[in-house]
Amino acid sequence: MPRPRLTGLGGGLFACVSMTLVAGLVWLLFDGSLFAYGLLFVPVAAATALWVRPADLVTAPIAVPIAFAVGVWPISGDSGGFGAQVMGLVSALSLHAGWLYGGTLVAALIAVVRKAVLIGRRRLPRRASPS
């Protein structure tokens with residue numbers, strides 16, 4: 001598995017672009033199914049939390065819900081104008097909040113575990129070199 005190290009902004013951009021691409025894929029293959037979109041959101045959230053660099057771990061659980069909203073915009077709206085698109089977005093976010101919370105929880109858990117491992121490595125006493 002690749003181990004890129006994204007900055008906080010890079011992680012957010014990765015998540016937003018990925019979810020927009022997922023929305024396009026879902027629109028083409030599954031006729032805009034929000035269930036399929038939510039199902040594909042969880043691995044993107046996990047990848048974002050895994051690929052962000054250690055100094056920016058706190059940004060992963062923040063960027064992931066924003067990416068969900070950015071990606072759901074094209075597949076949730078109606079063609080009745082701006083107001084209808086906003087209402088479609090609000091409806092999609094409220095009706096599929098389980099996926100949103102689940103992906104955010106996955107990203108937060110991965111970030112917490114990674115941070116705990118980093119803190120544990122720092123606290124280990126350094127071995128004295130044999131001289």
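Helices (H or I, at least four residues) and strands (E, at least two) are DSSP runs, numbered from the N terminus. The model is predicted, so that local features need pLDDT of at least 70 and side-chain atom pairs count only at pLDDT 80 or more, while totals for chains, interfaces and linings use all residues. Residues are numbered from 1 along each chain as its sequence is written, and side-chain values use heavy atoms, with hydrogens and water left out.

**Exercise 1.** Describe the secondary structure of the chain and state how spread out the chain is.

*Solution.* Begin with the elements: the chain has five helices and zero strands. In sequence order they give the pattern α-α-α-α-α. Next, take the radius of gyration, which is computed over C-alpha atoms, and the globule rule, which is 2.2 Å times the number of residues to the power 0.38. The chain has a radius of gyration of 18 Å, well over the 14 Å that the rule gives for 131 residues, so the chain is more spread out than a compact globule. Finally, the C-alpha atoms fill a box of roughly 75 × 25 × 20 Å along the principal axes.

**Exercise 2.** Is Thr-104 buried or exposed, and which residues does Thr-104 touch?

*Solution.* First locate Thr-104, which is found in helix 5 (residues 97-123). Its relative accessibility is 19%, and Thr-104 therefore counts as buried. Not counting residues up to four places away in sequence, Thr-104 touches Phe-41, Pro-61, Val-64 and Pro-65.

**Exercise 3.** Locate the nonpolar surface patch and name the helix that gives its largest share.

*Solution.* Patches are made of residues with over 30% relative accessible area and no salt bridge; like charges are joined within 9 Å, and nonpolar side chains (Val, Leu, Ile, Met, Phe, Trp, Tyr) within 5 Å. Leu-25, Trp-27, Leu-28, Leu-29, Phe-30 and Leu-40 form the patch, with about 660 Å² of accessible area together, by the Shrake-Rupley method with a 1.4 Å probe, where for residues only the protein chains shown count as cover. Helix 1 (residues 8-30) gives the largest share, five residues. Leu-29 lies in helix 1 and is exposed, with a relative accessible area of 58%.

**Exercise 4.** Find the salt bridge and compare the exposure of its partners.

*Solution.* A salt bridge is a side-chain nitrogen of Lys or Arg within 4 Å of a carboxyl oxygen of Asp or Glu. The whole structure contains one, joining the side chains of Arg-53 and Asp-56 (2.7 Å, N to O). Arg-53 is partly exposed at 34% relative accessibility, whereas Asp-56 is buried at 15%.

Definitions and conventions. Buried < 20%, exposed > 50% of the residue type's maximum accessible area, 1.4 Å probe, protein only. Contact = heavy atoms within 4.5 Å.
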